[in-house]
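Here are my notes for your first look at this model. Please keep the view open beside you as you read.

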Amino acid sequence: MTYLVENWPEVINLAAEHLRITAFAMAIAVAIGVPLGILIARIRPLGPVVLAVASIFYLIPSLALFAVLVPVTGLGPQPAVIGLVLYSQLAIVRNTATGLLTVPPSLRETAEGMGMTGLQRLFLVELPLALPMIIAGIRVAAVMSIGAATIAAYVGAGGLGTLIFQGMRLLWPEMVLAGAIPASVMAVAVDFAFVLLERLAARHQRATLPLRRRAAAA
Amino acid sequence: MIRFENVHKYYGAVHAVRGLDITVRPGEFLVLIGPSGCGKTTALKMVNRLIAPTSGRVLIDGTDVSEMPLVTLRRNIGYVIQETGLFPHMTIAQNVALVPRLKKWPRAKRNERVDELLHLVGLDPAVYRDRYPRHLSGGQRQRVGVARALAADPPIILMDEPFGATDPITRKQLQRELARIKEQVQKTIVFVTHDISEAFLLGDSICLLKDGEVVQHATPEELLRSPANDFVHEFIGDEAVSRQFDYLQMGEICRTPLPTFPADAPDWQIATALRKAGTAVGATIDPGGRLTGIVQVIPHAEGGNRTAVQRRPREHVRVARRDELVREFFPGLCRTNRAGGPTGGAVDPGLVVVDEQSRPCGLVSYDDIVRLIAGLVTGTAIEETSGADPEDESTAAFFTRQRVKGAVAR
Amino acid sequence: MTAILQYMWDQRMEIWWLTQEHLAMTGTAVGLAVLIAIPLGVLAARVRRLSFLVTWVGSIGQTVPSLALLGLLMPVFGIGTPLAVAALTVRGVLPVLINTYVGIAGVDAAVTEAGKGMGMTSGQRLFMVELPLAAPAIAAGVRTATVHCISIATLAAFIGAGGLGDMIFLGINQGRTEQILAGIVPAAALAILSDLLLGGVERFVTPRGVRA
């Protein structure tokens, strides 16, 4: 722990950098993933195609995903951000679509019966009801991204992974832990924060949510 | 034989079962009934030790179940539950054959048994053997549940609201089937339900529970005839049964034939005729065919071999017109007493039903009432009587036929 | 493009060797993980106090970044293949453990009660009812574990344990695109193929009676 104690300003800087890259990537990932999810919920036949492509990005080892981008973008934060966005798509797209598709049909019919247009239905009824599930998707993506971002240090993205790689190269466990422990704490904390957010979004629909989870699982 | 000896069960501070003392004779069909939370399911599950009593003992053939090896105990008790609990990954045949398999029966014997049992519960083995539970309807699944419980031929079967989750039509069908199966297999059965009509149809005895205590444990007849208190009376007279009386007329339920005699016929003639007809009650009529009173054979009067004939004038006989509604007579009918009655001594014959011209049509006895309730719940009573018209046949023949059918339905 | 293919062809023996190393590492880890996780999952489903532990440790454990996991275990296992296998095993245990627990705990209560009521012993219930019904969930856990392990095993090269990561790291260091791809293509193919294969296994172990 001595390394961590003696070099805490450096660790804090790296942690901030780590968080910045992840947050930036997540913002882009949500901006792409949620509309894609809405799209495949509306145009059902697109679903399998979009999800298959997304799962290929998810399945490719993250180191490989970053590395394959290096020849195109060069080293630095760009391959990291692009990689994280691609890596996150499966969780976000799938949860958005599932959240929308499991809105109880009775509510959708009620909305139609009230004369809502398609867009009004989407924004006033379906998205609010799908929100907890969408947040759950972002949560999974965010936690994975914090993890993958440590690996992105190898392609020059910076962040806490820098300390881990450096420490391993120097065979200096102290330095490795100075990166590994804050990274783990960050992942657990972000996970927890999203759990709270998910609960907050679901506070009005305790009754329907478990049913829909079950429907989504089946 | 199953015995509950002063059985108590506490769930924390909740006293769920309070000093249960019940005996179930071998071959008896006992129904445990009562409102939800009365402890009936808890009591049932104490028999196969899914629940342990806090104090008291449950005995099977004199042995405390808590002293029997758990697995042996349960393999010798069939168990049917409301949700069926069929194993979804096993075929119907595998489900039914499970306990025999656990008991290491040879394969051929198991297969034979599966076919036999599927036949018994009314499922064609050729069709259903290799299907999976999810391919079956709720009613069919429950049939398989019953077959599975019977598989290893256990002497005792426990059934926990087995038909509670089925729709009313399926339920009636299953109840009728179970009544038939019960006659065929001769098992000691403990059956939990909250459906009073089901209890009347199936039970040899009915044990009514409330707040963990026995309110009354009696035969269906006794329960109807002498309810222990208002709770029993209310529970029995509960909507499930009485609602069905709403449109039923007295003429539709009288099942006991009532031979008629001229008012001046001598006793010996009446006694002989009644014995020939196989009944103990007859009616006397005036030349216009109108009811003047009833005559009743009293066997072994005054302790001797002599048979006496007792006559009651019309004023002392309860009479109903055949187009009057059963509903209006029901409370009185339920309280009909075998001993006692308006004149004392003799058996209360029941209620005489007459037509619009006051001519006697037949008798409604308490046996008829019990049969009626049983029949009503299976939907047989109304079917059987509605089509027939007594004017077309001789009265006695008509009633005899009805009675035979009634007996079958019961 | 031809340059890349040419390079891969030239290096085919090397790629083949690294693939074997990669698979051996992943296979050992997943095997160990299954051996550890299934009994633990069964135990957790049986003992209620443990179930709490499993869900909490499980969900926190899964959030720890894989590279951080390698780092956290480094003081214990040093550098080299043992560290790689240990980290992969820990990663592999969690999904299998959680799925085993959820699979068994998720068996319909009525089915469990029927089994008890029929006089099945605890072992008979486990092997004849609970494990067959939980098999699809367990297989799904093994599938997740395998895909994750294949992915993380690429990092093993960095700690001297070999595997396809060797090619990737070297390629990045030397800026040689064809070398990077020679590592990536087989690694990605392994991940996708094992996902498909284990997806098939998952369907295969799903009892016919519960298939949709």
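1. Strands count as paired if DSSP finds at least two bridges between them, and the elements themselves are DSSP runs numbered from the N terminus: helices (H or I) of at least four residues, strands (E) of at least two.

2. Before going on, a word on the source: this is a predicted model, where local features need pLDDT of at least 70, side-chain atom pairs count only at pLDDT 80 or more, and totals for chains, interfaces and linings use all residues. Residues are numbered from 1 along each chain as its sequence is written, chains are lettered from A and ligands numbered from 1 in the order in which they are written, and side-chain values use heavy atoms, with hydrogens and water left out.

3. Now widen the view to the sheet. Its 6 strands form an open sheet with mixed pairing, in the order β6-β7-β8-β3-β9-β10 (chain B). At the edges are β6 (77-81) and β10 (213-218) of chain B, each pairing on one side only. From one strand to the next, the twist averages 15°.

4. Which strands does helix α1 (residues 40-47) of chain B touch? The helix packs on the sheet against β3 (29-33), β6, β7, β8 and β9 (205-210) of chain B, and its direction makes about 150° with that of β7(B). Contact means heavy atoms within 4.5 Å; axes are lines fitted to C-alpha atoms, for helices over the stretch in contact, with angles from 0 to 180 degrees between N-to-C directions. Helix α7 (residues 138-150) of chain B lies across β6 and β7 of that chain, at about 165° to β6(B).

5. Next, please look at the neighbouring chain. In chain B, 24 residues are in contact with 22 residues of chain C. About 2000 Å² is buried between them, and carbon and sulfur atoms give 67% of that area; buried area is the accessible area (1.4 Å probe) that two parts lose on being put together, summed over both. B:Phe87, B:His89 and B:Arg134 lose the most area on the chain B side, together 27% of what that side buries.

6. Finally, the rule finds 1 salt bridge across this interface (a side-chain nitrogen of Lys or Arg within 4 Å of a carboxyl oxygen of Asp or Glu). B:Lys45 and C:Glu113 meet in a salt bridge through their side chains, at 3.4 Å, N to O.
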